[in-house]
Amino acid sequence: MTWKNVLGKSTIRAAAAALLLTQLLGAAGSVSAAGKDVEVHLIGINDFHGQLDTTSMVGDKKAGSAPILATYLKEAQAKYEHSLLFHNGDSVGASAPVSSLDRDEPTMEWMNMMGFDVGSLGNHEFDQGIAALKAQIFGGLDPKEGKVTHAGAKFDYVNANVIETSTGKTLIKPYVIKEVGGVKIGFIGLVTKSTPNKVSPAGTAGVRFLSAEEEVEAVNKYAKELQSQGVETIIVLAHDPASTKEGVTTGEAADLAKALPADSPVDVIVAGDNHALANGEVNGKLIVQAYSYGTAFEDIKLMIDPVTGDVTEKSATVTTTFQEGVKEDPETLAIIKKSLDKHPELTKPVGTTDGSVLRTDAYNNEAPLGNLIADAMRQADFGDKAGKADFAFMNPGGIRADLPKGDVTFADLAKIQPFGNTLVKLELTGEQVKTLLLQQWGTNADGTPNTKTLQIAGLKYTADFSKPAAERVTSLSLEDGTPVNPKQTYTAVVNNFMAAGGDNYKVLVEAKSSLAGPIDLDVFYKYIVDTFKGGDIQAKKEGRITNLAASAEPAETPAPVNNDPITRAAFVTALVDMLQLNEVSKAPSYQDVSPNAAYADAVAEATKAGLIQGYSGNFYPDREITREEAAVILAKLLKDQASGQDAAVVIAGFEDGQTVSKYAVDSLAKLINKGIFGTADSKLLQPKQGISMNDAKALIEKAAAAKAS
């Protein structure tokens with residue numbers, strides 16, 4: 001359809017032109033025609049990660065560090081009569097040691113000094129658990145080691161999509177109202193729904209995260225509450241990823257904007273999490289994100305009618321905090337100096353490198369720095385007089401920086417492993433070790449690979465990528481070449497994030513025994529000092545991991561088992577095929593389902609049959625379907641319905657029953673009662689997790705059979 005292509009291109013060109021004009025004109029880009037509107041500037045950052053003394057490179061120029069960022073922020077606010085200062089999550093966590101060694105209290109002190117007005121939660125605020133999160137925000141003794149007492153934030157934190165399971169209420173207040181220049185502005189907080197997969201399971205114990213549908217309902221609900229209090233200017237601080245490329249803005253924050261009604265009172269959605277640039281409009285909502293680590297900040301300009309409270313104009317600029325010619329803020333320097341005086345070890349060299357000990361491509365292959373860290377973990381002393389472990393495994397997401405060329409300090413090591421994780425020694429069979437390696441290879445919702453290659457010590461293996469994930473490990477041996485015995489028990493060191501099943505390494509929770517030990521950074525530091533004695537720190541690739549590229553030729557026979565996650569579109573297509581539905585002659589009406597998509601007919605048939613309805617005009621075909629979403633669809637095939645009370649009793653019988661979304665309770669209970677919906681673990685439903693292709697096929701077949709009977 002040519003008219004669609006022309007419209008799409010012209011729309012993109014217009015969006016690109018608008019973005020360019022916004023960036024060029026900046027804060028002075030527009031003047032209210034009425035001349036009476038109040039001009040308010042929202043000055044903000046996201047994903048700061050406690051990088052108080054960290055200098056980053058943007059191109060070939062130095063940028064960032066809190067003393068430089070502070071100067072930029074103070075100068076920006078000084079330019080305007082009316083402004084507010086905010087941060088959008090991950091202000092702490094994965095922090096530089098100047099902050100992390102004191103449980104990020106230095107970063108909290110800096111934000112209080114700067115006079116932030118409002119902040120939101122990011123996934124890293126959950127790194128150390130709910131008690132630590134509350135201590136940082138509200139003040140009190142930090143639960144980790146009990147050595148740091150937090151003063152608490154002198155500004156408001158908001159979040160609307162994290163629910164305490166014990167109370168059923170939001171973890172913190174969902175929104176706050178700020179008045180500036182005689183107008184009211186409401187801020188609603190959100191954090192990425194992927195948080196449970198990004199932090200240790202212990203970090204989110206006691207809370208649940210709203211589903212995408214529930215999140216939209218919550219935003220609409222709180223927006224109405226704000227309107228009832230005379231607030232028409234509404235900002236959502238959503239620590240959700242977004243990116244703007246060639247004038248087009250995409251990501252979770254954009255999905256949220258599309259899901260909200262076109263006439264929603266939400267004016268701006270501030271994004272975060274993926275450390276990218278976003279500055280564009282989606283469904284009438286301005287979406288903005290300013291990179292990360294204090295290398296940039298956003299200046300969101302709002303023209304607000306003082307009578308109606310409505311935003312009449314909105315735009316944003318994102319400014320990079322280049323260091324050249326900028327004077328460091330003395331108040332910020334004083335906070336950093338106070339921390340360095342407490343921790344002189346941060347400035348002492350522990351060795352040198354030639355710049356080759358890097359984490360490059362650690363998500364896909366063996367990396368020199370990954371080998372160095374895994375070797376250190378394997379040598380860790382657990383006080384059990386057992387000597388070094390057989391194996392060690394390090395998740396690539398926990399390696400946050402490279403070793404610098406030249407002198408290496410403790411601070412450099414702490415930037416590499418900033419989480420303060422505890423090492424854990426496990427007993428695993430050879431078969432479980434192989435399963436762990438297989439769990440490295442997952443699939444994203446759009447069908448692309450999601451690989452998290454473990455950095456290893458004490459073993460080596462070959463992975464043949466021409467084979468399905470379940471068959472990919474073709475050889476597995478000790479470092480001396482002795483094959484790993486599937487029945488034999490081995491000792492393996494991992495961090496507590498992995499030991500609890502983080503990053504989908506679920507087999508580790510089945511370990512025969514578990515022994516907690518020292519902090520990962522302490523072990524890494526000791527290993528560097530003892531091994532290299534202040535000299536040249538060396539590490540290289542050693543052939544521990546051999547990845548064989550997939551053949552260009554297709555496999556002769558399909559894999560008998562497919563454990564890859566299934567998307568919403570693929571699930572509906574399989575269901576429609578099974579039911580042999582063929583009643584619709586026109587394309588579906590969802591905004592995000594192209595009439596030319598391979599799955600368009602199936603989506604239309606399922607809609608006609610009343611099996612799906614989407615929400616806010618979207619179906620989200622490429623998103624991985626969750627267990628509870630699949631249950632809701634399949635339950636519509638069955639006529640009888642469990643009563644609400646019976647359903648609640650059924651779901652309450654599972655340890656994680658409280659995490660089931662309200663809309664899915666009856667459906668899940670119905671399928672459980674019918675024997676259609678089973679669980680590998682009889683105590684867990686895992687409603688928010690995806691399901692595999694094979695599991696989906698089995699569920700659909702069972703539901704179809706039950707319908708026929």
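The structure holds 1 cavity of 30 Å³ or more. Here a cavity is a set of points on a 1 Å grid over the protein atoms alone, where a 1.4 Å probe fits but cannot get out. Grid points are joined across faces, edges and corners, and a volume is the space filled by probe spheres set on the points. The model is predicted: local features need pLDDT of at least 70, side-chain atom pairs count only at pLDDT 80 or more, and totals for chains, interfaces and linings use all residues. Residues are numbered from 1 along each chain as its sequence is written, and side-chain values use heavy atoms, with hydrogens and water left out.

About 40 Å³ of space lies in the largest cavity. Its lining residues, which have an atom within 4 Å of a point, are Ser91, Val92, Met108, Glu125, Leu133, Gln136, Ile137 and Tyr157. By class, 5 are nonpolar, 2 polar and 1 charged. In this scheme Ala, Val, Leu, Ile, Met, Phe, Trp, Tyr, Cys and Pro are nonpolar, Asp, Glu, Lys and Arg are charged, and the others, Gly among them, are polar. Helix H5 (residues 130–138) gives the most to this lining, with 3 residues. Helices (H or I, at least four residues) and strands (E, at least two) are DSSP runs, numbered from the N terminus.

Met108 lines the cavity and is also one of the buried residues of H4. Buried means under 20% relative accessible area, exposed over 50%, and partly exposed in between (1.4 Å probe, protein chains only). Helix H4 (residues 105–114) is largely enclosed by the rest of the structure, because 8 of its 10 residues are buried. Among them are Trp110, Met111 and Asn112. Just after H4, Gly115 takes a positive phi of about 80°.

**Strand S30 and its partners**

Strand S30 (residues 489–495) has 5 of its 7 residues buried, so S30 is largely enclosed by the rest of the structure. Two strands pair if DSSP finds at least two bridges between them. S24 and S30 run antiparallel, joined by 7 bridges. Strand S22 (residues 391–394) pairs with S30 in the parallel sense over 2 bridges. Ala492 takes part in both pairings: it is the bridge partner of Phe391 and of Leu426.

Lys425 is found in strand S24 (residues 422–429). Its side chain makes a polar contact with the side chain of Asp384 at 2.9 Å. A polar contact is a pair of N or O atoms within 3.5 Å; within protein, one must be able to donate a hydrogen and the other to accept it, and residues adjacent in sequence count only if both atoms are side-chain atoms. Contact in general means heavy atoms within 4.5 Å. Beyond four places in sequence, Lys425 touches residues including Thr491, Ala492 and Val493.

| Residue | Relative accessible area |
|---|---|
| Lys425 | 8% |
| Asn618 | 1% |
| Gly351 | 3% |

Asn618 lies in the loop between helix H16 (600–608) and helix H17 (627–635). The side chain of Asn618 reaches the backbone oxygen of Lys258 at 3.4 Å. Leaving aside neighbours within four places in sequence, Asn618 is in contact with Lys258, Ala259, Tyr590, Gln591 and Asp592.

Gly351 lies in strand S21 (residues 349–353). Gly351 and Thr409 are 58 residues apart in sequence and 7.3 Å apart in space, C-alpha to C-alpha. Not counting residues up to four places away, Gly351 touches Gly406, Asp407, Val408, Gly534, Gly535 and Ile537.

Conventions
On a 1 Å grid over the protein atoms alone, a cavity is a set of points where a 1.4 Å probe fits but cannot get out, and a pocket is an open set with protein on both sides within 12 Å along at least five of seven lines; lining residues have an atom within 4 Å of a point.
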